[in-house]
Amino acid sequence: MPRATSGRFSRTHQPSIKSAAASSSSKNHSVNEGTSAGVRNPIFNTERFGQHILKNPQIAQTIANLRPTDKVLEVGPGTGNLTVKILEKAKNVTAVEMDPRMAAELTKRVQGKPEQRKLDIIIGDFVKADLPYFDVCISNTPYQISSPLVFRLLSHRPIFRVAILMFQREFAMRLVAQPGTELWSRLSANVQLYSKVDLVESSVVRLVPLDPPPPIKFEEFDGLGRIIFSRRNKMVHATFMAKGVIEMLEQNWRTWCSTQNKMIDDDTNMKTKVEEVLSSSGYSEQRAAKMTLDDLLKLLSAFHDEGIHFA
């Protein structure tokens, strides 16, 4: 996996940034307000959301409730409107920013101040970055990385205490959707199995990982979800008969047999084996759109009993 550039953003990064900032400041002096006309983040639209996020009551309350010992992970800090507030309360902040220009602006905001020693910046893709330990995650999340961010947080270890995440409203609603509703999905199931999630405002989600987590491997549960929610309104049997699914399950089964030192019968018909699991578990004619967490867990267990795995 590629490693994102990480570490404290040092002065050695700044010369080219300064020249670019100097050029843009002659046209626009909004840097003092935390944004710059010449430094725009195409992913984290801080010009639009930078001040808005500070006015959000849930975000403000989260910052107020931060403990002096808290290590905070902030995703998409932009020019630092929220970051400087977090730094006043937390022990330290690790900010993950995609745009080096934004990282430079953030660095300038704390340069020469006591907060400078409390801030680390990771420049790169949050999904690929090596994350440090953190207690709290705060994110003003762009739509493009909403799902990857949630899945990354769910699988992160050690478990953090809480995440306050701002999303587009439609995405936030998917996180709290219930079985049988239009928005119930693989994302909903994963989030609700591994965490307590609340929609505290129209687009703000509070996510608290279950600690200890359920004794179910994330990759296994998610692997099952990838298959059945790919055609959520089709019967489960039809979904498993889709091209490539049986081949993948057979390969996983053979790998499992090898690790368990079990003899492999060359006459094994994986399609028949899968159909028997679906039939005996009673989910062959079910539709993913209406399956509850308990249903999904029972189906996963039925497959595991036959040595069929999803990751």
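**Figure 1. Overall view of the protein chain and its contacts.** Among contacts in the protein chain between residues at least 6 apart in sequence, where contact means heavy atoms within 4.5 Å, 67% join residues at least 24 apart. This is a predicted model, in which local features need pLDDT of at least 70 and side-chain atom pairs count only at pLDDT 80 or more, while totals for chains, interfaces and linings use all residues. Residues are numbered from 1 along each chain as its sequence is written, and side-chain values use heavy atoms, with hydrogens and water left out. The protein chain has 13 helices and seven strands, taken as DSSP runs (H or I of at least four residues for helices, E of at least two for strands) and numbered from the N terminus. Of its 311 residues, 48% count as buried, a word that here means under 20% relative accessible area, with exposed meaning over 50% and partly exposed in between (1.4 Å probe, protein chains only). The protein chain exposes about 15600 Å², of which carbon and sulfur atoms supply 49%; accessible areas come from the Shrake-Rupley method with a 1.4 Å probe.

**Figure 2. The salt bridge between R161 and D70.** A search of the whole structure finds eight salt bridges, each being a side-chain nitrogen of Lys or Arg within 4 Å of a carboxyl oxygen of Asp or Glu. In this one, the side chains of R161 and D70 meet at 2.8 Å, N to O. The pair links distant parts of the chain, 91 residues apart, with R161 in the loop between helix 6 (146-155) and strand 5 (162-166) and D70 in the loop between helix 3 (57-64) and strand 1 (71-75). D70 is buried because its relative accessible area is 2%, whereas R161, at 28% relative accessibility, counts as partly exposed.

**Figure 3. Two further salt bridges, D99 with R101 and K196 with D198.** The closest N and O atoms of D99 and R101 are 2.8 Å apart; D99 has 7% relative accessibility and therefore counts as buried, while R101 has a relative accessible area of 35% and is partly exposed. Between K196 and D198 the closest N and O atoms are 2.9 Å apart, and K196 counts as partly exposed at 49% relative accessibility, as D198 does at 28%.

Figure 4. H309 counts as buried because its relative accessibility is 17%. Leaving aside neighbours within four places in sequence, H309 is in contact with E220, L249, N252, W256 and H304. The C-alpha atoms of H309 and E250 are separated by 9.0 Å, and these two residues lie 59 residues apart along the chain.

**Figure 5. S185 in the loop between helix 7 (169-175) and helix 8 (186-194).** With a relative accessible area of 13%, S185 is buried. When residues up to four places away in sequence are not counted, S185 touches R174 and F229.

**Figure 6. A patch of positive charge on the surface.** R231, K234, R287 and K290 gather in this patch, which follows the rule that patch residues have over 30% relative accessible area and no salt bridge, with like charges joined within 9 Å and nonpolar side chains (Val, Leu, Ile, Met, Phe, Trp, Tyr) within 5 Å. R231 lies in the loop between helix 9 (218-228) and helix 10 (236-240), and its relative accessibility of 32% makes R231 partly exposed.

Key
Lys, Arg positive; Asp, Glu negative; His and termini not counted. Charge placed at Lys NZ, Arg CZ, Asp CG, Glu CD.
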